[in-house]
Amino acid sequence: MLGRDDVIAGYRVILGREPENEQVIEHHRHFASRSDLFTALLQSDEFRDSYRQRLAAPKVITLDQLDEVAADFQRGDRERWQGHSLQLPDWFDVTLDPAGQAYLDQMLRLWEAITNRSGYQAASNEDTPEIGDLDAVFRPAFYASGDTSFAGGQLMAMGHILMRSGISPGQRVLEYGAGFGLTALSFARLGAKVDTVDINPAFCRAVRTSADRYQVDLHPHVGEFGHNPAGVPGAYDLIFFYESFHHCLDFERVIPKLRELLTPTGRILMAGEPIFDVLCPDMPYLWGFRLDWENVAVMRIRGWMELGFQKDFLVGRFDRAGFDCAEYRDPNSHWAQVYSFSQRG
């Protein structure tokens, strides 16, 4: 049975307002989870009637314009499409159960429409082979940008992950979607035993280069989210995602899997993830593709999964898997907003 705050949160997320009175709150408390309440509110007449008007973007991109948007993105023309969001096609049904197969199939259909590709496969569509030509040691990742503001925000995020981790030398850490593995390297230099998992072999080679240079206990592995490099359950004291979980299309399977990989006191951290507080034109559903012009341009060019999540929905999926959530915000860097998931029981 839901609590009073759960019902209020559900109304705010889906309908953009609070319940009219205590009777309405009490009536909706019978749901077993926030996800069940979300699904019911999504299918309500009020949501159906108000959705298009309430969440209409002030400046709209259509699917037919995506090649033009992508070309401007690659040219660095940011002003033309600033404030624009992709308009969902008429066939997209926002009232489907967001945890159901029909919704997932519909999201894959939308991916095909945005990317102009078919048959999503993480190993091919999430690959970034050109990073093999970049410097993995001296100017990797944000250092290569030469942008001090951008780099500063990223470094703050790395610091927040380290601060919130509670990891001691000798404990085991696993990072998914590690990229160049700068945060993983920091854990290893602090004495932790670290594994990284990335779908991209070139990133894994970069992590290996760093591990060899610094002579630390850091081991890269090619694989998808949920892969267990330890080979045994209950091995890790920390699993973390930094700017990577939003590529996890298979999150319904992965989230419960993560708990199997943790020690009894192990935790999960996320930072730099696109997690929203309410429905908006850029994220007009509980989970799905971010529809702002930059993300749809990247999807068109790369074929990536550029997902976002409503916070209450995502926290609810972790709650179902037996995790409690604590949120740590930082006004100086949105990348440094950390979500910590601790096991119950």
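Mentor: A residue is called buried under 20% relative accessible area, exposed over 50%, and partly exposed in between, with a 1.4 Å probe and protein chains only. By that criterion, 52% of the 345 residues of the protein chain count as buried. The model is a predicted one, in which local features need pLDDT of at least 70, side-chain atom pairs count only at pLDDT 80 or more, and totals for chains, interfaces and linings use all residues. Residues are numbered from 1 along each chain as its sequence is written, and side-chain values use heavy atoms, with hydrogens and water left out.

Trainee: What radius of gyration does the protein chain have, and what would a compact globule have?

Mentor: The radius is taken over C-alpha atoms, and the globule rule is 2.2 Å times the number of residues to the power 0.38. For 345 residues the rule gives a value near 20 Å, and the 21 Å of the protein chain agrees with it. The C-alpha trace spans about 60 × 50 × 40 Å along its principal axes.

Trainee: How many helices and strands does the secondary structure of the protein chain contain?

Mentor: Helices (H or I, at least four residues) and strands (E, at least two) are DSSP runs, numbered from the N terminus. Here there are 13 helices and twelve strands.

Trainee: In what order do the strands of the open sheet stand?

Mentor: Two strands pair if DSSP finds at least two bridges between them. Seven strands form an open sheet in the order E5-E4-E3-E6-E7-E12-E11, and their pairing is mixed. Strands E5 (218-222) and E11 (323-328) are at the edges with a single partner strand each, so one side of each has no neighbour in the sheet. Axes are lines fitted to C-alpha atoms, for helices over the stretch in contact, and angles run from 0 to 180 degrees between N-to-C directions. With direction ignored, neighbouring strands of this sheet are turned by 20° against each other on average. Within the sheet, E6 and E7 (residues 262-271) pair in the parallel sense over six bridges; Phe 241 has Met 270 in E7 as its bridge partner.

Trainee: Which strands does helix H11 lie across?

Mentor: Contact means heavy atoms within 4.5 Å. H11 lies across E3 (172-176), E6, E7, E11 and E12 (338-343), running at about 135° to E7. Helix H10 (residues 201-214) lies across E4 (193-198) and E5, at about 170° to E5.

Trainee: How many aromatic pairs does a search of the whole structure find?

Mentor: Rings of Phe, Tyr and Trp (its six-membered ring) pair if their centres lie within 6.5 Å; planes under 30 degrees apart count as stacked, over 60 as edge-to-face and the rest as tilted. The search finds 22 such pairs. One of them, Phe 187 with Phe 240, is tilted, at 5.5 Å centre to centre and 45° between the planes. Phe 187 belongs to helix H9 (residues 182-189) and Phe 240 to strand E6 (residues 236-242), so the pair ties together parts 53 residues apart in sequence. Phe 187 is buried at a relative accessible area of 3%, and Phe 240 is buried at 0%.

Another pair, Phe 251 with Phe 309, is edge-to-face, with 5.2 Å centre to centre and 90° between the planes. Phe 251 lies in H11 (residues 251-261) and Phe 309 in strand E10 (residues 307-310), so this pair ties together parts that are 58 residues apart in sequence. Phe 251 is buried at 1% relative accessibility, and Phe 309 is buried at 1%.

Trainee: Are the faces of E10 covered or open, and which residues are on each side?

Mentor: In a regular strand the side chains alternate between the two faces of the sheet. Both faces of E10 are covered: Leu 307 and Phe 309 on one side, and Gly 308 and Gln 310 on the other, are all buried. Strand E8 (residues 275-276) pairs with E10 in the parallel sense over two bridges, whereas three bridges join strand E9 (residues 287-289) to E10 in an antiparallel run.
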